[in-house]
Amino acid sequence: MRFVVVRSSAPGCEPNCPEWISAEGTIEAGTPALLKRLLKTLGGRQLPIVVNSPGGNVDAALQLGRMVRKNKLDIAVGITEFSGCSPGTKNCRDNDGKDQPYSGVAYDSGAMCNSACPLMFAGGIRRVVGEWAYLGVHQITTTYQREKLLYRTTYRIVNGKKKIVSTRVVSRKNAGSYKTYEMSKAVEKRLSAYLEEMGVEQGVLSVMKATPASDIRQIEPEDMLEMKLVTSLDSLDLLTERTICQHQPAPANCREIPTNGAPAVVAAVETGPSPIAPVPAPAPQANEQEMRFVLVRGSNPLCNPDCPEWISAEGRIAAGTADKLRQLLDTIRERRLPIIVDSPGGDVQAALAAGRLIRERRLDVAIARTDFLDCDPGEVGCVAPDGLHTGLTIDAGAECDAACAVMIAGGVRRLVGANAHFLVHSMGMEDKVRAYLDEMAVGSGFFVAMQSAEYAKHRELSRDELKTFGLTTGQQSVDALTGATICRSAPRPDNCRVLPAADAEAKAPAKL
């Protein structure tokens with residue numbers, strides 16, 4: 001699922017038009033982090049969510065629903081049709097440098113919210129499903145992960161009898177998995193409590209239980225109203241129709257841009273760019289802050305207690321960047337952690353120094369951003385236990401621009417995912433950069449591509465071009481370095497680490 005801010009392009013709408021968050025696609029484990037990141041850019045503005053989804057991960061849907069309720073957002077089932085530049089279009093650049101929302105119109109014909117999506121939908125303050133939209137439910141599929149554990153138990157003989165002193169797990173092996181298509185009592189209790197929390201009747205749960213996982217049961221509008229799953233029988237026009245901004249008072253999702261004003265400036269102040277849309281413009285924070293390096297441990301419960309760890313490198317490359325990286329690497333000594341980079345570029349000399357340090361320590365690199373699940377390291381009072389934050393890596397919206405390319409060329413493995421953006425332009429210190437790229441065994445075609453792009457007009461390189469030039473070492477994404485299951489592979493990656501049993505989070509018996 002991807003989230004982008006959209007402004008109505010309906011004729012006669014301007015200068016005061018409704019805006020909304022378009023949420024389309026499958027709900028996955030990392031989806032809540034994407035919505036959280038977008039909401040932070042809105043500065044407290046309450047925009048309704050227009051959702052079109054076949055469902056997905058139940059745990060993530062519950063998190064999304066609670067996030068929607070916490071932020072007091074309305075929600076509707078609908079499809080956003082974009083005008084001009086669409087987030088799903090390759091090389092979509094209409095918004096580049098303008099800091100504006102996408103433009104489009106919302107309609108409900110053929111839109112759906114199925115499977116786990118109604119759980120997310122239940123979090124809305126106002127919840128509407130139009131006459132031509134579909135909301136359906138079915139039984140939940142639960143996947144159980146089997147593990148074979150080997151314990152080491154220490155005994156002491158006391159009065160001729162064995163007394164257990166300690167027991168600890170010394171190895172874990174994946175023993176396969178199996179699925180069930182019936183709702184367990186624990187899951188039923190959990191979903192029941194969630195629906196009660198959201199003010200939705202338990203009839204929704206009854207319909208879910210009665211519908212096989214291989215089928216889908218569309219709930220009729222009158223039944224949804226009776227179950228309190230919808231708050232009215234209105235359509236999404238209630239939230240997105242162009243005339244709603246003529247009401248007094250105007251809804252919270254209306255925003256006026258004077259015809260003689262500068263729309264880009266207003267948009268940047270109030271909403272900022274959507275960091276989730278596949279547009280290579282970086283989030284404002286990355287432009288303003290110097291690059292910071294943070295130790296992160298994967299927070300996906302599937303990996304406990306043996307989880308991948310990495311170094312998050314986000315922000316502008318500055319004169320002291322290489323020194324900061326060296327200081328951090330000295331604290332972890334011989335451990336080889338991959339560096340996950342999201343940067344708009346910066347000082348070329350500093351990028352050369354950082355790249356050589358990365359090669360000296362034989363580190364892997366990938367272009368992605370880290371969503372922190374404990375607290376953002378930049379926030380006041382954010383202190384991680386033992387200096388280790390928890391988070392997830394996502395390549396959607398991440399970028400490596402200009403001098404950043406020089407820095408990551410130092411990686412042993414260099415990965416750029418399908419949703420990350422890699423941009424280059426000509427830069428100074430040509431002789432030094434060319435010699436450095438030769439040193440790093442990057443093909444001369446990459447240097448030519450860099451210098452052929454004007455400084456003010458960045459050129460985005462495709463994954464195929466990056467592989468051909470020798471800048472990337474494979475077509476994998478950041479998941480090859482930070483994915484939840486990589487620590488089960490053989491040989492085991494260097495960046496995996498088992499936390500002491502007392503500190504490790506208990507492994508969940510089931511994954512929904």
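Student: Which residue does the disulfide join to C13?

Tutor: In this predicted model, a disulfide joins C13 to C17, with an S to S distance of 2.0 Å. It is one of six disulfides that the structure holds.

Student: Are C13 and C17 buried or exposed?

Tutor: Buried means under 20% relative accessible area. C13 has 6% relative accessibility, so C13 counts as buried. C17 is buried as well, at 0%.

Student: How should I read the handedness of the disulfide of C245 and C254?

Tutor: Look at the torsion about the S-S bond. The sulfur atoms of C245 and C254 are 2.0 Å apart. Their torsion is about -95°, so this disulfide is left-handed. C245 is buried with a relative accessible area of 7%, and C254 is buried with 13%.

Student: What is the torsion about the S-S bond of C487 and C496?

Tutor: The value is -95°, and the link is left-handed. The S to S distance between C487 and C496 is 2.0 Å, and both cysteines are buried.

Student: How many aromatic pairs are there?

Tutor: Ring pairs are judged by the distance between centres, and planes over 60 degrees apart count as edge-to-face. The count here comes to three aromatic pairs. In one of them, F422 and F446 lie 6.1 Å centre to centre with 65° between the planes, which is edge-to-face. This pair links distant parts of the chain: F422 belongs to strand 22 and F446 to helix 14, 24 residues apart. F422 counts as buried at 1% relative accessibility, as does F446 at 0%. Together with F469, F422 and F446 form one aromatic cluster.

Student: Which residue lies over the face of Y155?

Tutor: That is K162, at 4.9 Å from the ring centre.

Note on methods: Residues are numbered from 1 along each chain as its sequence is written. This is a predicted model: local features need pLDDT of at least 70, side-chain atom pairs count only at pLDDT 80 or more; totals for chains, interfaces and linings use all residues. Side-chain values use heavy atoms; hydrogens and water are left out. Rings of Phe, Tyr and Trp (its six-membered ring) pair if their centres lie within 6.5 Å; planes under 30 degrees apart count as stacked, over 60 as edge-to-face and the rest as tilted. Helices (H or I, at least four residues) and strands (E, at least two) are DSSP runs, numbered from the N terminus. Buried means under 20% relative accessible area, exposed over 50%, partly exposed in between (1.4 Å probe, protein chains only). A charge sits over a ring if NZ of Lys or CZ of Arg is within 6 Å of the ring centre and within 35 degrees of the ring normal. A disulfide is a pair of cysteine sulfur atoms within 2.5 Å.
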